Amino acid sequence: AMESGAAAGVLSCLAAGQSETMSGSACLGSSDINLLLMEEARSLRQKHSELATAFPDGSGDAMATAKEAMLVSTLGHCLEVCSQWAGAVSYIEGMLRKQLVAAIGKEVKPADFAEYMQYHNRKLFVEAYAPAPFCFSVRRSELHS
């Protein structure tokens, strides 16, 4: 399948992995994802060929040529892909956040984390070897004011 994909101009191809053997999974296998990637490349090539016939080739005084139209089309496609990716990542982060809050029972604030780290350090270090809090105030001297 990779040879035919390479001939068709596929830019990316996922190797077969564990997802292929998971029957009944809601996840797409690498072969399905490769088919989606090949369809994306095919539709982009089709759009470019349509733009090549609709716009001049650049030999005259045209304001916009086929190359510019292809660039705008490709960048618009990239923008859409990035937007979909950002939405998917935001969804997954939100889902994980909900699960974490449900597992802990509350939303952890910085003060809660600091309290836990102090507790953890007390359990980890003998008092004689416990790290000392590190805090210096940074102020301008009279000379540098």
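Me: What does T65 touch when residues up to four places away in sequence are not counted?

Reply: T65 touches F55, P56, D57 and G58, where a contact means heavy atoms within 4.5 Å. The model is predicted: local features need pLDDT of at least 70, side-chain atom pairs count only at pLDDT 80 or more, and totals for chains, interfaces and linings use all residues. Residues are numbered from 1 along each chain as its sequence is written, and side-chain values use heavy atoms, with hydrogens and water left out.

Me: Why is T65 called buried?

Reply: Buried means under 20% relative accessible area, exposed means over 50%, and partly exposed lies in between (1.4 Å probe, protein chains only). T65 has 12% relative accessibility, so T65 counts as buried. T65 is placed in the loop between α2 (30–54) and α3 (66–104).

Me: What span does α2 have, and what is expected?

Reply: The expected span of a helix is 1.5 Å times one less than its number of residues. With 25 residues, α2 reaches 36 Å from its first C-alpha to its last, close to the expected 36 Å. In α2, S30, N34, A41 and L51 are buried, and the buried residues of α2 pack against α3.

Me: What makes the pair E39 and R42 a salt bridge?

Reply: A salt bridge is a side-chain nitrogen of Lys or Arg within 4 Å of a carboxyl oxygen of Asp or Glu. The closest N and O atoms of E39 and R42 are 2.6 Å apart, so the pair meets the rule. Both residues lie in helix α2, three residues apart, about one turn of the helix. An α-helix has 3.6 residues a turn, so residues three or four places apart point the same way.

Me: Why are E39 and R42 described as neither buried nor exposed?

Reply: E39 has a relative accessible area of 38% and is therefore partly exposed. R42, at 36%, is also partly exposed.

Me: How many salt bridges does this rule give, and what distances do the pairs R97 with E107 and D112 with K106 show?

Reply: The count comes to three salt bridges. The side chains of R97 and E107 meet at 2.7 Å, N to O. R97 lies in helix α3 and E107 in the loop between α3 and α4 (110–124), so the pair ties together parts that are 10 residues apart in sequence. E107 is partly exposed, with a relative accessible area of 39%. D112 and K106 meet in a salt bridge at 3.5 Å, N to O. D112 is partly exposed at 24%, and K106 is partly exposed at 44%.

Me: What residue classes line the second largest pocket?

Reply: The lining divides into seven nonpolar, two polar and two charged residues. Ala, Val, Leu, Ile, Met, Phe, Trp, Tyr, Cys and Pro count as nonpolar, Asp, Glu, Lys and Arg as charged, and the others, Gly among them, as polar. Among the lining residues are M117, F125 and P131, together with Q118, R122 and E127.

Definitions and conventions
Helix = DSSP H or I, 4+ residues; strand = E, 2+ residues; numbered from the N terminus. 1 Å grid on protein atoms, 1.4 Å probe; cavity = no way out; pocket = protein on both sides within 12 Å on 5 of 7 lines; lining within 4 Å.
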